[in-house]
Amino acid sequence: MNEVLLISGAKVAGSVVLLALVLWGVSKLAKIAKLDPEIGRKLVHISLGLYCLTFSYVFSEAWEVFATCALAVGVFLLARGIMRQSLGGGLHAVQRTSYGELLFAVAVALLFWLKDGHFISVSMHHKAQIGSVLYILPILILTLCDAASAVVGSRYGKRVFMIEEGSKSVEGVVVFAVTAWLLSLIVLLLLTDIGRSEVVLLAFIAAAFGALLEAASWRGLDNLFIPLGLYFLLANLLYLGVVGLSVIAGIFLAVLLLLLYITRHRPGEERHFLAIGSTLFFCIGIFAEPSSLVTPAVAVATYFAADKVRKLERPPFDALNLLLVVLAVALFYFMLSNLVQMDTIFGFNLSFAALAAGISARFAQRLWRCVLVVIVAWAAMSVRTYWAVGQSQTGLIFTLLGLGAIILVAIAGWMLRRNDFDRPWMMLGALSVTVGLATLPLWPVWPKA
C-alpha cells in the first residue's frame with residue numbers, strides 16, 4: 001500500500017515539476033527570442049495539452065489527476081503573482097484578462113473522472129462503455145485547434161467580430177472548424193467501432209459545435225466550454241446511428257445559419273449572447289433531453305421580459321453573466337449525477353424554476369407580475385417532476401414542496417432589489433441550487449446498471 005502511494009505521489013510530483021519547467025522554459029524563450037505574446041501563450045497551451053493526453057496511461061486513479069490539477073492551479077496562481085517574471089512570462093504577456101490555464105486544469109480533472117461515460121448516459125440508458133475517445137478527442141481539439149485558431153486569427157484575421165473583451169476573427173473560427181473536423185475524423189476512426197458514415201457526421205457536428213463554442217467564449221472560458229461541451233456531445237451521440245446523427249446535424253446546421261442571418265445587423269453583445277446561449281441550450285438538450293430546456297428557458301426569458309418592462313440601463317454584458325450562472329447550475333447537476341449515481345433532473349428543474357422567480361422579483365415593478373412568473377416557473381418545473389413521471393405520488397409531493405422553494409427564492413430576489421445589488425445572479429444561482437439540493441431525499445433513485 002505504501003509503495004502504491006509512493007508511486008502515485010511520484011507521478012503527481014513529476015507532472016507538477018514538468019509543468020513548472022514548461023512555464024519557466026517558455027518564459028525564458030519568450031524573452032530571448034522576443035516571441036509574440038500569443039505565440040508564447042500557445043506554446044504553453046500545446047505543451048501542457050499534449051502531456052495531458054498521456055494521463056490515461058500515466059495515471060490509474062482519478063484522485064491522482066485531481067491532485068495533479070489542484071497543484072497545477074497553485075503553480076498557475078504563482079505564475080500570476082509573485083513568480084510572474086520567472087514562470088508567467090509565456091502566459092501573461094498578452095494584453096487581455098484570461099483565466100484559461102486555471103479552467104484548463106479544472107476541465108482535465110473533470111474529463112478524466114468522466115472518461116468512461118457519465119452516469120446518465122451509461123447507467124440509465126444502458127449504453128456501451130465508450131473508452132478513451134471521450135477524454136482524448138476533447139483535449140486534442142482544445143490543444144491543437146484552439147492554438148491554430150488563435151495564431152491564424154491574430155496574424156491573418158481580417159473579418160473580426162466583437163466579444164465581451166476584445167475581438168475574434170472569422171478566419172480563426174474557420175481554421176478551428178477545419179482542424180477540428182480533421183482531428184475528429186482521425187480519432188473517431190482509430191478509437192471507436194462506429195461506421196464511416198457516422199464518423200463523418202459526428203466529426204462535422206463536433207467541429208461545428210466546437211467552433212461555435214470557441215467563437216462565443218471569452219476570458220479563457222473556451223478552455224472549459226470546449227472540452228466539457230464536446231464530452232457531453234460525444235457521450236450522447238456516439239452510438240446514435242446515421243439517421244439520428246443526420247437529424248441532429250441538420251437541426252444544428254439550420255439553427256446555426258438562422259442565428260447568423262438574424263444577427264447580421266445586431267450589436268456585438270447581442271450576437272455574443274445568442275451564440276453562447278444557443279450552444280449552452282443545445283448542450284443541455286443533448287444531455288438531458290429537450291423537455292429539460294423548459295425551465296432554463298423560462299429563467300432567461302424572465303430576465304429579458306423584466307428588462308423590457310423596466311427599461312433600465314443594464315451593466316455591460318449583464319446577460320452574459322446570467323448565462324454563466326445558468327451554465328454553472330447545469331454543470332453542477334451534470335457532475336452531481338455522476339457523483340451520487342442518481343438522476344438529478346428533479347433538482348435541476350426546481351433550481352431553474354426558482355432562479356426564474358428570483359429574477360422576476362429582482363426586477364418586477366408590480367407584485368402580480370412576480371406572482372405570474374412564480375406560477376409559470378412552477379408549471380414549467382412540473383413538466384418533468386410530475387407529468388413526465390406518470391403523475392406519481394413522489395412527483396406530486398416534490399412538485400408541491402417545490403412551490404414553497406420557488407416562493408422562497410422570489411422573496412430573496414425582492415430583498416436583493418431593496419439592497420440594490422447590480423448583478424445578483426451569482427447569489428440567486430447559489431440560492432436556487434441550495435433549495436434544489438434541500439429536496440434531494442425526494443428525488444427518484446434510478447437503479448444502477
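Which residues form a nonpolar patch on the surface? The patch consists of Val170, Val174, Val178, Trp181, Leu182, Val200, Phe204, Leu253 and Leu257, which together have about 720 Å² of accessible area. The structure is a predicted model, in which local features need pLDDT of at least 70 and side-chain atom pairs count only at pLDDT 80 or more, while totals for chains, interfaces and linings use all residues. Residues are numbered from 1 along each chain as its sequence is written, and side-chain values use heavy atoms, with hydrogens and water left out.

**The nonpolar patch**

Patch residues have over 30% relative accessible area and no salt bridge; nonpolar side chains (Val, Leu, Ile, Met, Phe, Trp, Tyr) are joined within 5 Å, and like charges within 9 Å. Accessible areas come from the Shrake-Rupley method with a 1.4 Å probe, and for residues only the protein chains shown count as cover. Helix H9 (170-191), helix H10 (196-216) and helix H12 (241-262) each supply at least two residues of the patch. Helices are DSSP runs (H or I, at least four residues), numbered from the N terminus, as are strands (E, at least two). H9 provides the largest share, five residues. Val178 lies in H9 and is partly exposed, at a relative accessible area of 44%. In this scheme, buried means under 20% relative accessible area, exposed over 50%, and partly exposed in between (1.4 Å probe, protein chains only).

**The salt bridge**

A search of the whole structure finds one salt bridge, defined as a side-chain nitrogen of Lys or Arg within 4 Å of a carboxyl oxygen of Asp or Glu. The partners are Glu64 and Lys11, whose side chains meet at 3.9 Å, N to O. Because Glu64 belongs to helix H4 and Lys11 to helix H1 (residues 2-33), the pair ties together parts that are 53 residues apart in sequence. Glu64 is buried, at 1% relative accessibility, whereas Lys11 is partly exposed, at 23%.

**Helix packing**

Two packed helices are described by the angle between their axes and the distance between the axes. Axes are lines fitted to C-alpha atoms, for helices over the stretch in contact, and angles run from 0 to 180 degrees between N-to-C directions.

| Helix pair | Angle | Axis distance |
|---|---|---|
| H16 (residues 345-363) and H19 (residues 425-438) | about 140° | 8 Å |
| H6 (residues 100-114) and H15 (residues 318-340) | about 40° | 11 Å |

H16 is oblique to H19, and H6 is oblique to H15. Angles under 35 degrees count as roughly parallel, over 145 as roughly antiparallel, 65 to 115 as roughly perpendicular and the rest as oblique. H16 passes H19 in a right-handed crossing, while H6 passes H15 in a left-handed crossing. A crossing is left-handed if the near helix is turned anticlockwise from the far one by less than a right angle, and right-handed if clockwise.

**Individual residues**

Gln341 lies in the loop between H15 and H16. Its phi is near 55°, a positive value in a residue other than glycine. Most residues other than glycine have a negative phi. Gln341 is partly exposed, with a relative accessible area of 27%.

Met83 occupies the loop between helix H4 (62-80) and helix H5 (84-87) and is partly exposed, at 31% relative accessibility. Met83 and Trp24 are 59 residues apart in sequence and 9.8 Å apart in space, C-alpha to C-alpha.

Leu234, in helix H11 (residues 222-237), is buried at 2% relative accessibility. Leu234 and Leu137 are 97 residues apart in sequence and 9.2 Å apart in space, C-alpha to C-alpha.
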